[in-house]
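Colleague: I am new to this structure and would like to learn how to read its features. Could we go through them one at a time?

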Amino acid sequence: MDKQRPDPDQLLAAVQRQENNQHRGKLKIFLGMAAGVGKTYAMLESARQVKTSGIDVVVGVVETHGRAETQALLTDLEVLPRRPVEYHNTVLQEMDLDAILNRQPQLVLVDELAHTNAPGSRHIKRYQDVLEILEAGIDVYTTVNVQHFESRTDSVQQITGVQVHETVPDTLIETADRIELVDLSPEDLRRRLAEGKVYTAERVEVAANNFFRLGNLTALREMALRLTAERVDHQLQDYMQVKQIAGPWKSGERLMVAVSPARFSERLIRWTRRMAYNLEASWLAVYVDTARQLNPSEKDGLARNLAMARKLGAEVVIASGENIATALIDLARQRNITQIVIGKPLRSRWDEFLTGSLVDRVIRSSGSIDVYVVTGDEPAQPGQTSQARLVLQTHSNWRHYAYSLAIVTAISLVDYFALAGIGYQAIGLIELFAVLLIAVLLGRGPALLAATLSALSWNYFFIEPRFTFAIYRTQDVILFFLYFGIAAVAGTLTARLREQEKRARTNAERTMALYTLTHELAQALNMDDILKTALSQMSIIFDADIAIILAQEGKLNPAAHPLSTLQLNEKEYSVAAWVFENGKPAGRFTDTLPMATAYYTPLLTPNRTVGVVGLTPHQVSRFSAEQEILLETFIGQVALMIERELLDEAADQAAMLRKSENLYNTLLNSISHEMRTPIATISGAASGLETEQIRLNPESRSVLVQDIRDSAERLNRLVENLLDMSRLESGRLQLRMEWCDAAEVIGVAVKQMEKRLAKRSLLIQHDPLTPLVQMDFVLIEQVLLNLLDNACLYTPAGTPIEIETRLQSGRLEITLTDHGPGVPEDALEQIFEKFYRIPNSPTGGTGLGLSVCRGIVKAHGGQLSAKNIPGAGARFSILLPASNPPPVKESAK
Amino acid sequence: MTSGPHILVVDDELQIRRFLRISLEANGYVVDEAGTGQDAIVKSALQRPDLIILDLGLPDMDGLEMLKRLREWSQIPVIILSVRDSDRDKVGLLDAGADDYLTKPFSTEELLARMRTAMRHARPEEKPAVVSFGEIQVDLARRSVTRRGEMVKLTPTEYALLRLLIQHAGKVLTHRQILHEVWGKEYVQETHYLRVYFAQLRQKLEEDPTRPMFILTEPGVGYRLHI
């Protein structure tokens with residue numbers, strides 16, 4: 001790789017780092033080598049200085065440890081009260097995180113970064129509190145000793161013999177904006193200790209002889225200095241990258257560490273991390289899943305190790321394969337790994353015999369990849385099982401062994417009687433076959449037991465000389481040992497095969513589960529479908545109670561979706577709310593709010609958080625590493641689906657908005673045009689009436705007056721139609737259905753139009769025996785008025801109009817036929833559309849009338865249609881459903 | 001100067017009050033105005049008009065409320081002005097004691113005709129024993145109905161219906177009022193009775209039952225005998 005040219009990816013990362021820092025608060029760490037060097041003092045001094053320049057500074061938590069000088073510095077600083085937490089009959093005073101967040105100062109002082117919070121606090125560790133404060137945009141000053149950093153704990157333990165329990169992840173050093181090293185020479189520190197300025201008198205002597213030995217302090221000082229130097233080096237790198245200053249670029253290394261359930265893996269992981277940090281390389285943590293079953297404590301250990309690797313910044317990969325070495329090398333080649341780190345714990349010779357070969361194999365097939373073999377110093381711990389023991393340990397229980405014994409006995413018995421017929425070699429093969437069957441059905445242990453027993457019985461009962469363990473013939477000796485060997489190996493292999501098959505099936509099931517989920521989700525029609533599918537699939541796969549809470553407009557819904565199987569009370573909901581705000585998982589199995597009953601994780605998409613999922617598995621222990629990965633994948637899918645649905649809905653709404661806008665515009669145009677004409681007429685006629693000539697002329701006067709009345713009527717009808725249309729569109733049209741006489745309705749409509757129909761002949765045909773029909777009187781009257789209005793407008797004056805009623809096959813038909821030009825054939829349906837006017841037709845209508853009519857008739861469950869009648873004009877036909885009206889009686893009065 | 005009947009016009013719209021005043025005064029009426037329900041009640045009490053024209057869309061008071069209060073102490077005829085859609089309100093007011101109604105927009109002739117009818121019915125004068133309209137003659141004393149001189153056979157219910165219409169000739173009768181009078185309180189919901197019986201009446205008495213001249217339907221409200 002060209003060492004001179006900056007890597008664009010690295011450049012981008014550096015710039016992004018810079019950008020991200022804009023919104024976060026800035027962290028300044030006061031680093032020391034040991035207690036008593038004066039970190040808190042330095043922090044307070046710095047804070048006071050900053051305060052004089054006008055910055056809003058508050059004290060979150062400061063431990064003075066009774067040191068008078070430190071206490072003095074606290075005056076004039078605003079100290080936020082602590083939060084009392086009850087724990088085991090005492091009351092602990094913890095930092096009040098929410099008070100700080102509410103107060104929103106510019107800078108807050110938080111002492112002792114590595115402190116562990118009392119149970120019941122939001123986070124387990126104080127550094128998590130600090131992270132949340134930084135996220136909220138508040139700057140933080142904090143103090144910490146070098147021994148607390150995770151990557152250093154091993155070294156510290158080696159040097160001082162002290163096991164450090166309260167640790168802080170290295171990421172805090174890396175993302176800190178400033179580090180101030182509070183340095184003191186070891187001699188000076190010891191003098192301070194003697195003067196009682198560090199601890200109270202009783203503890204001084206103990207401290208001086210243990211932790212505060214000169215050698216220790218010197219080593220710790222070096223560690224602190226080195227840590228600071230590394231950090232400065234990195235800052236320099238970043239700076240040089242952003243400013244594109246050519247410098248000594250690190251090459252693009254990639255590391256891979258092989259992880260096992262063993263505790264020793266922790267050390268390996270931390271080691272790899274330091275390497276990666278120093279080399280500025282990315283790193284992978286790999287677990288190779290062979291057919292070997294893990295017991296619960298191993299599963300826990302593995303999950304813990306992988307979680308730690310992930311937390312430290314590794315990409316976690318679970319590979320599967322028969323052969324660990326091959327799987328590692330294959331993956332390394334695939335991912336362009338440059339260095340592999342594997343561990344070699346010091347164990348018994350027997351173990352070394354088995355595992356040493358793994359290291360050798362990896363080294364041999366590594367090719368151009370460097371291999372680091374890191375030795376451990378731990379003895380095998382009680383929870384650990386060695387490889388050798390594993391050979392015998394199986395999941396079979398005593399019943400399987402009993403069956404095995406029984407089968408062997410049975411077979412031997414049968415063979416005893418068959419000896420004469422088939423000979424002892426054949427018997428041996430029969431017994432061998434039995435062993436294989438036992439391997440398949442009952443497991444490895446019983447198979448080995450069967451192998452041993454049957455071999456011995458074969459020897460004792462069937463090989464000459466019979467009933468002794470001696471063997472005469474050499475070939476029989478060979479046969480015997482070979483038998484045993486074959487039985488043992490075949491048994492083990494068969495059992496292994498069975499494990500693999502089971503493993504493959506589980507894998508297939510898992511893949512199937514993912515496929516099913518994706519498939520079902522893709523078919524979901526709406527949000528409810530998606531959630532239903534997600535909930536049911538996840539409940540089954542993870543054997544858990546699930547709750548999904550969606551978010552709307554940036555806020556989490558107050559309740560979980562009704563189909564959720566997990567019930568949330570107020571406390572649980574607040575955990576979910578936290579998860580939503582902070583975009584990180586919380587609850588059980590995590591470090592944040594671990595007292596919750598369920599595990600909560602956010603549904604994250606690139607744009608936003610669409611909700612929160614809560615899980616309570618039915619089995620109590622935490623998820624295995626594979627389950628965690630599967631869960632992450634599931635959650636990712638569901639989140640994407642929900643986002644897709646939300647986007648669809650948004651798109652639909654946008655389309656509808658556009659459509660209604662179009663309609664709105666058309667309506668406005670149409671109305672303004674339609675209204676202008678009658679308004680113009682009224683205004684014109686009225687002003688005409690003012691002029692003397694017209695006023696004094698009775699004929700002209702009555703003409704104009706008539707015009708005004710007609711125009712007013714036209715405007716009225718327009719308003720009626722608009723009102724009807726708006727009611728139809730919004731679905732607020734309410735029908736007052738009652739039994740009506742069709743003739744009556746027609747009569748009323750005709751009477752209303754009396755004047756305009758005056759010059760035409762109107763024929764109404766109605767059978768008086770027609771039964772009553774259910775309809776809304778006023779609305780059907782409107783329909784008839786519109787139809788009559790159209791007939792008057794679009795047919796030549798004086799042409800007749802016929803109205804007929806007919807009852808046929810359960811429906812009442814009312815037809816209105818004119819003798820005009822009719823409707824163009826291709827427009828017979830279109831005329832019922834809103835705003836449609838037949839081209840070249842005389843003006844006078846809005847184009848709304850027929851659409852309103854159809855809407856009204858449809859609301860009755862009927863039909864309105866048009867056709868042309870040869871020899872006449874157009875015929876409009878209203879069909880209304882008819883049924884039997886109730887009977888009437890004569891009055892009793 | 002003789003002054004005609006005294007009319008109180010109640011409407012919150014100035015233009016409506018103005019054109020009503022002009023039309024009515026041109027026909028010899030004396031007109032007073034009120035813009036709110038409260039004002040109207042006070043003026044009705046003080047001035048005792050012969051007729052009140054009441055608009056339904058008053059700002060301060062529900063029309064029904066006002067009418068009920070009025071009817072507590074007065075039988076002054078009331079004509080309601082309404083818009084097309086307030087059917088239920090119209091019917092409610094008619095049942096509560098209003099005499100007639102007009103739907104905006106209305107013509108002045110219509111208004112004057114209904115005013116005259118309402119005021120006529122308010123006067124306790126002798127009702128004639130014989131009434132005729134078109135080719136129909138009804139002798140209320142002898143309970144006989146003839147058409148072009150020939151007897152028309154009406155069922156007792158049909159006759160009761162006809163008599164009721166004649167008693168309120170020119171005025172609108174709501175479905176409820178008719179059913180209550182002719183059939184009784186339990187039947188006030190059975191409007192289909194009216195459809196059937198009116199169809200029968202028209203068949204027997206009207207020249208063209210499908211285009212009745214006298215027995216008119218008031219859509220959504222009731223019926224009216226127009227003579």
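Colleague: Is Arg114(B) buried or exposed?

Modeller: The scale is relative accessible area: under 20% is buried, over 50% is exposed, and partly exposed lies in between (1.4 Å probe, protein chains only). Arg114(B) counts as buried because its relative accessibility is 11%. Glu110(B), at 34%, is therefore partly exposed.

Colleague: What do the numbering and the pLDDT limits mean here?

Modeller: Residues are numbered from 1 along each chain as its sequence is written, while chains are lettered from A and ligands numbered from 1 in the order in which they are written. Because the model is predicted, local features need pLDDT of at least 70 and side-chain atom pairs count only at pLDDT 80 or more, whereas totals for chains, interfaces and linings use all residues; side-chain values use heavy atoms, leaving out hydrogens and water.

Colleague: How many salt bridges does the structure hold over all chains?

Modeller: There are 44. One of them joins Arg335(A) to Glu315(A), with the closest N and O atoms 2.7 Å apart. Arg335(A) is in the loop between α13 (324–334) and β12 (339–344) of chain A and Glu315(A) is in strand β11 (residues 315–320), so the pair ties together parts 20 residues apart in sequence.

Colleague: How many salt bridges are found across the interface of chain A and chain B?

Modeller: The rule finds four. In one of these pairs, Arg202(B) bridges to Glu744(A), with the closest N and O atoms 3.8 Å apart. Glu109(B) and Arg709(A) also meet in a salt bridge, at 3.5 Å from N to O. That pair crosses between chains, from helix α5 (residues 108–122) of chain B to helix α24 of chain A.

Colleague: How many residues of each chain are in contact, and what area is buried?

Modeller: Contact means heavy atoms within 4.5 Å, and 33 residues of chain A are in contact with 32 of chain B. Buried area is the accessible area (1.4 Å probe) that two parts lose on being put together, summed over both. Between chain A and chain B it is about 2900 Å², with carbon and sulfur atoms giving 50%.

Colleague: Which residues touch the most other members of the largest nonpolar core?

Modeller: A nonpolar core is a set of buried Ala, Val, Leu, Ile, Met, Phe, Trp, Tyr and Cys residues joined through side-chain atoms within 4.5 Å. The largest has 64 residues, and Leu109(A), Ile133(A), Leu189(A) and Phe212(A) touch the most other members. A second, separate core of 52 residues includes Cys740(A), Leu762(A), Leu787(A) and Phe876(A).

Key: Salt bridge = Lys/Arg side-chain N within 4 Å of Asp/Glu carboxyl O. Helix = DSSP H or I, 4+ residues; strand = E, 2+ residues; numbered from the N terminus.
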